[in-house]
Amino acid sequence: MAKVLVSDPIDQAGIDIISQVAEVDVKTKLPLEELIKIIPEYDALMLRSGTKVTAEVIQAGTNLKIIGRAGVGVDNIDVKAATRHGIVVVNSPEGNTIAAAEHAIAMMLALSRQIPDANQSVKNGKWERKKFVGNEVYKKTLGVVGLGKIGAHVAKVARAMEMKLLAYDPFVSAERAERLGCSLVDLDLLFKESDYITLHIPKTPETANLINAKALAKMKPQVRIINCARGGIIDETAIAEALQAGKIGGAALDVYANEPLGESPLTEVGSNLVLTPHLGASTAEAQVNVAIDVAEQIRDVLLGLPARSAVNIPGLNPDVMEKLRPYLRLAETLGTMAGQLAGGRIDELNIRLQGELANNDSQPIIVAALKGLLSEALRERVNYVNAALEAQERGIRVIETKDSSTRDYSGGSLHVEARGSNGKHSVTGALLSEGEIRITNLDEFPINVPPNDHMLFTLHRDMPGIIGKIGSLLGSYNVNIASMQVGRKIVRGEAVMVLSLDDPLPEGILQEITKVDGIRDAYTVKLSV
Ligand SMILES: NC(=O)C1=CN([C@@H]2O[C@H](COP(=O)(O)OP(=O)(O)OC[C@H]3O[C@@H](n4cnc5c(N)ncnc54)[C@H](O)[C@@H]3O)[C@@H](O)[C@H]2O)C=CC1
Ligand SMILES: O=C(O)CCC(=O)C(=O)O
C-alpha cells in the first residue's frame with residue numbers, strides 16, 4: 001500500500017479520502033533533518049505553509065510521486081526541483097479564496113476602527129472612547145494590487161461598501177477590472193491615490209520588496225496597507241520605520257518574510273499595526289475545501305489518474321487528459337520510435353498535428369512525444385512532469401505545426417520527426433476507431449502496422465529475394481517473426497521493411513542485416529506496448 005506523509009495540520013476530511021488508497025502518517029512540526037530522514041518511505045507528501053519542501057527534501061524523496069499543497073501558494077515548495085525529479089505538485093487554487101479575501105477585509109476594518117487596540121484597552125480596565133476614534137471606509141479609495149481570485153473577491157466586497165476601487169495587475173485586462181468595478185492604473189498612481197492598499201499577488205522576484213521605503217514615500221501619509229498575500233512583498237524594516245515615524249496611517253499583516261515571525265522590527269511598533277499569524281486561510285470552511293481538493297488529487301495520482309490542479313504540468317487538466325488520453329499514448333509511442341530511430345543525441349523534434357487532431361491543444365501531445373523521445377535515455381525517470389524541462393535542458397528544439405486540411409483518419413493523425421545522431425527519421429501514426437494505434441508512415445514510406453514490443457526496420461532496395469534473406473537470417477538466430485510488411489513509393493525503388501518480432505534481436509545481428517545485399521540501413525525499436 002502507498003504511504004502518504006501529512007506534515008502540517010490538515011482537516012480530517014482530507015485524511016479520510018487519502019486513507020481509501022494509502023496508509024497515512026500525520027507528523028507535524030518535523031525539523032528539516034527529520035523530514036529528510038523519513039521522506040524516502042513516502043509516495044506522497046501533503047502540507048500547508050508550515051513545511052518547507054527544499055531541494056534536499058525532494059532529492060531524498062526517491063519514492064515521491066506527488067506533493068500536495070493544501071492551499072494556494074507553493075512558494076514553500078521547490079517546484080523546479082520537484083519538476084526535475086518528475087514529482088507532480090498540486091494545490092487548491094480556489095479552496096481558500098473567500099477565507100483569504102474576508103481576512104483582508106477584516107484586517108482593513110480592524111485597522112480603520114482600531115479594534116485590536118480598543119479590545120486590549122477594555123480588557124486592561126480602561127474606557128478610552130476618544131482615543132479610538134476611527135475612519136469609515138465608505139467613499140475611500142482602495143488600491144488592489146493583484147486582481148486574481150482573492151483580489152477580485154476583495155474588490156466585490158469593497159464595492160458593496162461603496163469604496164472607490166483602483167487596481168494594478170499587469171496580467172489582467174481593463175475589461176476584467178472594469179467588470180469588477182476597478183479602474184486599472186499603474187502602480188505609482190495606485191500608491192499616490194489610495195487610502196487603503198491591499199496586496200493579493202504571489203511572491204516572485206518581481207514582487208519581492210515591492211512595498212519598500214521608496215514605494216512608501218509615494219503614498220498618502222494616512223494610507224493603510226494590508227498584506228494577506230505573502231511575506232517578503234513588504235520590506236518589514238521599512239514599514240516598521242514608516243509606522244514609527246507616522247509616515248503612514250497603519251498596516252495590517254498576516255504574512256511575514258520569516259514565519260513564525262520571531263524577533264522583528266514589527267513587534268516594536270506600538271500602534272496602528274495589526275498582526276495575525278498567517279490566518280488568511282484559517283476558516284473551518286476553507287480548511288475542509290482545501291483538504292478535500294488536495295486529498296482527492298493525491299488519491300487520484302496514486303491510482304494513476306491525472307491531477308486537476310497540477311502546477312507543474314502545463315495544459316494537462318483532467319478534461320483535456322480524458323479526451324486526449326488515446327492521442328497521448330499515440331504521441332508517446334511515436335516519440336519513442338522517432339527517438340530510437342534518430343539515435344542517442346536528439347537535436348530537434350518536429351511535431352505535426354494533422355486533420356481533426358489539429359483542433360486540439362498541442363501542448364499535452366508535445367509533452368507526451370517528448371516523454372517517449374527521452375525514454376531511451378532517461379527510462380522511468382522521465383514523465384509528464386519533467387519531459388519538457390528535460391528536453392529544454394538537453395537543448396532539444398521543438399517545432400510544432402498544425403495541418404487541419406489532412407483528411408486521412410477520422411480523428412486525425414500525428415507526424416513526429418526527430419533529428420539525431422542517425423540523421424532525420426519520421427513516423428506517422430493514427431488511431432483506429434477502437435483506439436488501437438496504427439503506424440501509417442515510416443520515413444515517408446506508407447505502411448500500416450500496429451506497434452510491437454520488438455520491431456525491426458530496414459531501408460532497402462525493392463528487389464526479389466531480400467525479404468527471404470532477412471527471414472532466414474532471423475531464423476538462424478531463432479528470432480520468430482510475428483508480422484512483416486513492406487512499404488514502397490515506386491516498384492523496384494527504395495523501400496522500408498517493418499518486422500514485428502516475438503523476441504528481442506540478439507547482439508550483433510543488426511550489423512549482419514546491414515551487410516545483406518540491397519539493405520541500406522537497419523534499425524531496431526523497443527517499445528512497451
Ligand atoms: N494569507 C493566506 O493565508 C493566504 C494567502 N494567499 C496568497 O494570496 C495570493 C493571491 O492568491 P490568489 O488570488 O488565489 O492568486 P491568483 O493567481 O488568482 O491571483 C494573483 C494575481 O496576481 C497577479 N500578479 C502576478 N504578478 C504580479 C505583479 N508583479 N504585479 C501585480 N499583479 C501581479 C496575477 O496576474 C494574478 O491576477 C497568493 O500569493 C497566495 O499565496 C492565498 C490564500 C491564503
Ligand atoms: O495553509 C495555510 O493556512 C496558508 C494558506 C496560504 O497561504 C495559501 O493558500 O497560499
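User: What area do domain 1 and domain 3 bury between them, and what makes it "buried"?

Analyst: Domain 1 and domain 3 bury about 1,200 Å² between them, with 59% of it on carbon and sulfur atoms. The area is called buried because it is the accessible area (1.4 Å probe) that two parts lose on being put together, summed over both. This is a predicted model, in which local features need pLDDT of at least 70 and side-chain atom pairs count only at pLDDT 80 or more, while totals for chains, interfaces and linings use all residues. Residues are numbered from 1 along each chain as its sequence is written, chains are lettered from A and ligands numbered from 1 in the order in which they are written, and side-chain values use heavy atoms, leaving out hydrogens and water.

User: How is the chain divided into domains?

Analyst: The division is into domain 1 (2-94 + 287-315), domain 2 (97-275), domain 3 (316-443) and domain 4 (452-529); these bounds come from an automatic or database domain assignment. The C-alpha centres of domain 1 and domain 3 lie 30 Å apart. Even so, 14 residues of domain 1 are in contact (heavy atoms within 4.5 Å) with 17 residues of domain 3.

User: Why are R84 and E393 said to form a salt bridge?

Analyst: A salt bridge requires a side-chain nitrogen of Lys or Arg within 4 Å of a carboxyl oxygen of Asp or Glu. The side chains of R84 and E393 meet at 2.8 Å, N to O, and therefore qualify. One salt bridge is counted between domain 1 and domain 3. On the side of domain 1 that touches domain 3, helix α4 (residues 79-84) gives the most, with three residues; helices (H or I, at least four residues) and strands (E, at least two) are DSSP runs, numbered from the N terminus.

User: Where is the cis peptide bond?

Analyst: The cis bond joins E259 and P260, with omega about -5°. P260 is found in the loop between β11 (250-253) and β12 (273-275).
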